[in-house]
Amino acid sequence: MPPTSASEPHVLDRPWRIWASIVVFGIVLSGVILGVLIIPVIQGRSEGIDAYTAICRALGILPGSPAKQQVSDRTPPTPVSQVVWTPDVLQILADARPERGRAKVLEVCVACHGEQGVSVAPEYPHLAGQSGAAIYKQLSDYRTGSRTHESMTIIAKDLDEPTLADVAAYYAAQPKRNPNPATLAESPPAIVRLVELGDPSRNIPPCAACHRPGSGGPIETPILSEQGQDYIVLQLKMYASGERRNDVYGRMRAIASRLTQTEINGLAAYYRAGFR
Amino acid sequence: MRNVERLCLAHFWVAFAAFLAAAVLGTWQMWVRSPLGANVGTPGQYFLSVTAHGVSMAYVLTIFFIMGFGYFVAVTALGRPLPGKLWAWIAFWIAIIGVVMALVPILMGQASVLYTFYPPLTASPWFYIGLVFIVAGSWIWCVLMLVAMRQWKRDNPGRPVPLAMFATVANSVLWLWTTVGVAIELVFQVIPASLGFGQTIDAGLARTLFSWTLHAIVYFWLIPAYIAFYTMVPRAAGGRLYSDTMGRFTFILFLVYSLPVGMHHLLMDPEHGNGWKFIQVLLTAFVSVPTLLTIFTVTASLEIAGRLRGGRGVFGWITALPWQRPTVLAAGLAFVMLGFGGFGGIINMGYGVNAMVHNTSWVTAHFHLIFGGSVVIMYFAIAYEIWPSLTGHDHASSAPLRMQLWLWFLGMMVMTLPWHWLGLQGQWRRIANFNYADPIISGWGPLVIVSLGGGLVLLASALLFVRNLVILHGGPLPALQRPLYALAVHPPQRVPAALNGFGLWNVLVLILMLLAYGYPIAQFVITPSPGAMVHRVH
């Protein structure tokens with residue numbers, strides 16, 4: 001500490017400023033020399049990367065690590081679904097108009113799925129209150145052949161992209177049905193546990209992790225509450241057998257193939273009702 | 001005290017209420033992750049709980065405690081009334097509104113994104129806006145601290161600012177710098193995304209901005225503990241502070257080196273070049289310097305106290321120290337936890353070893369030991385030290401206080417040492433439950449149960465802590481006036497301007513931040529990335 005004397009304070013303070021700056025910048029400079037020049041060049045040399053590339057990679061101007069050759073994977077992808085959630089597709093969904101969708105619904109869809117998304121027969125899914133992204137994904141998959149159905153494939157092929165989105169938006173905007181007291185029976189605890197916690201010992205994740213509204217699962221995940229029991233049983237069986245295969249990463253095929261027949265029936269009964 | 005008791009107590013009680021609630025949640029989380037609590041609760045409830053625990057501990061406990069303590073120091077260390085007391089109350093209520101706004105969506109399950117947000121996950125906008133309110137309240141506190149110091153310096157030209165206040169202002173300056181990163185992230189990226197503007201968010205940029213905040217915020221939490229080390233502990237031990245200058249240096253180094261180092265939280269992230277990571281890791285190494293300086297200075301101060309009390313020989317002064325005093329005991333226990341946690345932190349900092357422990361329980365163990373352990377135990381010590389002057393009542397016996405501190409120490413060690421070990425074995429963090437039927441994972445079970453035991457001890461300690469404070473509000477013993485802050489062995493008469501203010505250091509921080517974060521942030525503007533799809537959990 002400087003002695004108190006007649007010296008002017010600002011004269012005493014100057015060395016502090018100078019030395020503090022020298023030390024702080026000296027440390028940064030040594031970091032730059034080591035981290036951006038010496039280490040990348042030496043590490044790169046042993047991997048056959050030239051000095052310029054190594055330095056650019058250390059700075060993040062070129063992609064990749066300065067210490068490793070860039071691995072390139074040229075395996076051609078074979079997607080199970082052609083739907084990619086690009087910003088453009090999401091914008092189409094955001095721009096969809098339910099009123100335009102209604103016209104197409106009254107013209108085509110109403111025969112099976114009903115005007116308000118309540119289907120007329122057990123083998124057709126209810127669409128009321130389903131998410132727009134979920135309906136769009138399935139219609140799109142029918143159109144591209146990722147999913148097939150004797151009538152849906154033909155219908156979807158006739159629709160253009162914005163119309164798909166409009167129809168999806170129309171059904172998404174329909175009110176959810178009120179849970180039917182008759183269907184709100186107690187589910188067996190084993191089924192409730194499967195829904196809430198899954199079964200880690202069989203690598204089955206909880207259904208609710210994706211299929212509950214707001215759960216944070218993939219956006220194309222359908223909401224299952226108040227869905228027809230027969231429809232769910234049929235879909236789970238088709239996933240289990242591999243007959244239906246438009247699930248990204250094969251998630252549902254993997255899960256459904258591990259479920260027993262009793263569990264499939266129990267889950268379908270659970271989801272026939274609303275959420276508790 | 002000059003009429004800020006109610007202000008300080010209001011802040012402290014909000015902080016400690018959040019602390020107690022978060023302690024309960026933390027214990028519940030440990031239970032459901034253990035083999036004893038398998039099949040209890042859903043993953044949704046678990047992540048809701050983790051979010052509430054993190055937000056309460058990391059934002060509410062710390063910010064309210066630090067604000068309250070800052071007002072206390074400004075009045076007691078400077079010996080003059082608090083300027084702008086009305087503003088202090090306004091700041092308090094703004095922050096309270098923020099807490100309510102953030103808490104409601106959390107409890108509704110619409111903000112289970114944890115306290116570090118993790119874009120492209122987006123929660124209810126109310127959650128983020130509430131957090132912005134809390135930070136805005138704390139910014140008013142920062143300004144009040146700066147004004148208090150400036151007014152004191154104006155009236156006391158040439159005199160050194162008392163160390164406790166110098167450190168408090170260092171913390172407020174640090175906090176202003178710290179919060180810029182997260183404020184930019186929230187205001188320009190996350191809140192617009194959660195409101196539905198646009199379908200994508202640049203997660204790399206968001207993570208980079210958060211890393212700016214994420215390391216310095218830890219030092220914001222830590223500095224009150226260091227203030228207690230330098231000023232309250234030597235006084236409580238009956239000695240003097242070995243070096244006032246060393247204290248000033250320490251707080252300045254925290255300001256300079258806690259900011260341009262956040263990228264060591266992104267070592268496994270692909271969006272930055274290795275060179276930048278190296279530079280920031282090198283700077284990170286210098287954050288250990290102020291901690292080592294502190295351990296040296298505080299140990300030396302305690303040695304002075306021990307020898308004044310008749311301690312002899314190389315270690316005799318240690319046993320001569322008044323360990324029955326809660327503040328001295330807390331400092332000793334804090335040092336032990338700081339030792340373990342600090343060495344763990346040095347491991348996290350290294351690129352290669354970090355790759356091994358990345359996203360494992362090791363990391364959780366590290367920050368619980370450093371923050372939950374050494375920092376929070378000093379928050380307890382500070383509360384015990386200043387509660388008599390706030391309430392006017394003194395503790396009848398220090399035995400329950402010592403008991404509480406010991407329980408906290410033992411609980412924290414028993415909880416975190418198994419976590420370190422489990423982390424080395426690969427146990428993940430941020431996981432709602434484990435499949436103990438798996439042969440590898442089943443081996444973790446016993447250690448997880450041991451750490452749950454530690455968690456239960458911590459919960460008991462948290463309850464005892466609140467009880468120890470509550471009874472003082474109606475205690476029979478009037479509080480004695482006593483000095484709070486230690487004198488230095490050589491009390492400074494004049495210090496260089498560089499050690500009495502922050503002008504020079506702010507310039508250096510600015511340049512360091514431009515060097516360390518300039519290009520890493522600019523690259524997102526130069527070559528925009530495709531962006532990640534916004535993933536709404538609300």
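**Ground rules.** I number residues from 1 along each chain as its sequence is written, with chains lettered from A and ligands numbered from 1 in the order in which they are written. In this predicted model local features need pLDDT of at least 70 and side-chain atom pairs count only at pLDDT 80 or more, while totals for chains, interfaces and linings use all residues, and side-chain values use heavy atoms, with hydrogens and water left out.

**Cavities.** I took a cavity as a set of points, on a 1 Å grid over the protein atoms alone, where a 1.4 Å probe fits but cannot get out, with lining residues having an atom within 4 Å of a point. Grid points are joined across faces, edges and corners, and a volume is the space filled by probe spheres set on the points. I found 3 cavities of 30 Å³ or more.

The largest cavity has a volume of about 120 Å³. Of the 11 residues that line the largest cavity, A:Ala128, A:Gly129, A:Gln130, A:Ser225 and A:Glu226 are the closest to its centre. I sorted its lining into 3 nonpolar, 5 polar and 3 charged residues, where Ala, Val, Leu, Ile, Met, Phe, Trp, Tyr, Cys and Pro count as nonpolar, Asp, Glu, Lys and Arg as charged, and the others, Gly among them, as polar.

For the second largest cavity I noted a volume of about 50 Å³ and a lining of 5 nonpolar, 3 polar and no charged residues. Among its lining residues are B:Phe69, B:Trp141 and B:Ile227. Of the helices (DSSP runs of H or I, at least four residues, numbered from the N terminus), α2(B) gives the most to this lining, with 3 residues.

**A:Gly44.** I placed A:Gly44 in helix α1 (residues 9-46) of chain A. A:Gly44 counts as buried because its relative accessibility is 0%, buried meaning under 20% relative accessible area with a 1.4 Å probe and protein chains only. Leaving out residues up to four places away in sequence, A:Gly44 touches A:Ile49 and A:Pro66, a contact being heavy atoms within 4.5 Å.

**Helix α5 of chain A.** I read α5(A) as residues 132-144, reaching 18 Å from its first C-alpha to its last, close to the 18 Å expected at 1.5 Å a residue; the expected span is 1.5 Å times one less than the number of residues. In α5(A), 11 of the 13 residues are buried, including A:Tyr136, A:Lys137 and A:Asp141. Their cover includes α3 (87-95), α6 (152-157) and α7 (161-173) of chain A. Just after α5(A), I noted a positive phi of about 90° at A:Gly145.

Terms used:
1 Å grid on protein atoms, 1.4 Å probe; cavity = no way out; pocket = protein on both sides within 12 Å on 5 of 7 lines; lining within 4 Å. Helix = DSSP H or I, 4+ residues; strand = E, 2+ residues; numbered from the N terminus. Buried < 20%, exposed > 50% of the residue type's maximum accessible area, 1.4 Å probe, protein only.
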